[in-house]
Amino acid sequence: MNKRAVFDTVCDAIDAVKSSFQLYRKLGISDREEIIQELRKELLNHVDELAQKSYEETCMGNVVSKIEKIKLSIERTPGTEDLVSEVLTKDKVMTLYEYSAFGIACAIMPSTNPVATVINNVIGLLASGNAVILCPHPRAIEVTKYLTDIIATTILRISGIDNLVTTLSEVSIKNISEIMHHPDVNLLVVTGGSDIARAANKCDKKVISAGAANPTFIVDETADLDKAASCIVKGASFDNNILCVTEKNIVIVESVYDKFKIALEKEGVFYVDTVEDMLKLSKVLLTEDLKPNKFFGGKDVKEILKFAGIESNGDYKLIAVDVPKIHPFATEELLMPVVAIVKAKNFDDALETSLNLEQGLHHTAGIYSNIIERLNIAAKQMQTSIFVKNGCSLEGIGFSDNNPVSFTIANKTGEGSTSARNFARKRRCALVDAFSIR
């Protein structure tokens, strides 16, 4: 069955979205918000099926986690309320700062988080007044076409505007590059691989780009170890650790290592602390050039242990494995339910190790400590886009306390956790000799 707003060629997709943008730019903020509100309502009717389709197509993660993050993306992505105007008045000049659309945005999606990121980006881009061409990862093309059809049909029903959000029937490096370089495309939003991010930055356009990540968390000797273990397992096991922000390695001060290991095991962690089992895991999870074996990306713990030839009894949420700080499990982003555990002599050693493991990517890091000074020192030193103190990595992108949710973490271009205001031009308008009531 043909799906709305899905085109076979780049030219057709851009022509359609260009015409739609000309209509959309005439609407007011209240019209945009009405469209977004109706989109939220409609998408909530499809959460379970979108999660299932995403899991079946990508073969990564788990349906329960996908349902949670899709629902959060629908409900808690900021809309037009994020576009806060500012006014500065002097004796002779009133200066107004407001956000306006770039125009046509190309949004490039990851295979690891296709549905939630599409929804998150689309709501933010529409709120800021843009039209959108979605470029999914080839592993998630079918679920993206299905989702695009729902979005485009809803927008048409509410506003009468067709093809405001579009995608392609097939994607490749070639046609994504064609879209990125097309003169009618004004904004590139890249979530995912660093290769496509590097290509985007060569296009002479406004780029909002994510990049590589290797989230590292410190646990010092003063931390609440039970809380730290619970939070780490919650984050690192979520959707089998395929989110870019979730814990990939833990640096533990060695004086509390034994207690921390027990706390992790209580939380349902399969702990690997022998060289023999570490080597078994390394053999299957790493390629010959010591890079992550993508076949195991997002696979379940049981499946990983079975392939590695490691016996286990019961269900486990996560694998923790003791490694030296130079091991690829610690230095590479595996995107598997596996966390590397690296010992440190003390806090200073832990901080230095974490800085080396994060590798200046400026993505995500955190610390568990009851010494306020250390919380501050670590946050200042790490300089990551997201930094979490005494909490789960998921809280860093809005998974609790009714916070706004973001799934595009622009560590490459510096915006950090993005929202509608990042997808708009900040414009300054000066009114001279006309307005001051003070």
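Here are some questions and answers about a predicted model.

User: How are residues numbered, and which values count in this predicted model?

Analyst: Residues are numbered from 1 along each chain as its sequence is written. In this predicted model, local features need pLDDT of at least 70, and side-chain atom pairs count only at pLDDT 80 or more.

User: How far apart are the end C-alpha atoms of helix 6?

Analyst: Helices (H or I, at least four residues) and strands (E, at least two) are DSSP runs, numbered from the N terminus. The expected span is 1.5 Å times one less than the number of residues. Helix 6 has 19 residues (141-159), so it should span 27 Å, which agrees with the distance between its end C-alpha atoms, 26 Å.

User: Which strands stand at the edges of the open sheet of 7 strands?

Analyst: The sheet has the order 11-12-13-10-9-14-15, with parallel pairing. Two strands pair if DSSP finds at least two bridges between them. Each edge strand has a single partner strand, so one side is left without a neighbour in the sheet; these are strand 11 (269-272) and strand 15 (386-389).

User: What is the bridge partner of Val-219 in strand 10?

Analyst: Strand 9 (residues 216-219) and strand 10 (residues 249-253) pair in the parallel sense over 4 bridges. In strand 10, the partner of Val-219 is Ile-252.

Technical notes
Side-chain values use heavy atoms; hydrogens and water are left out.
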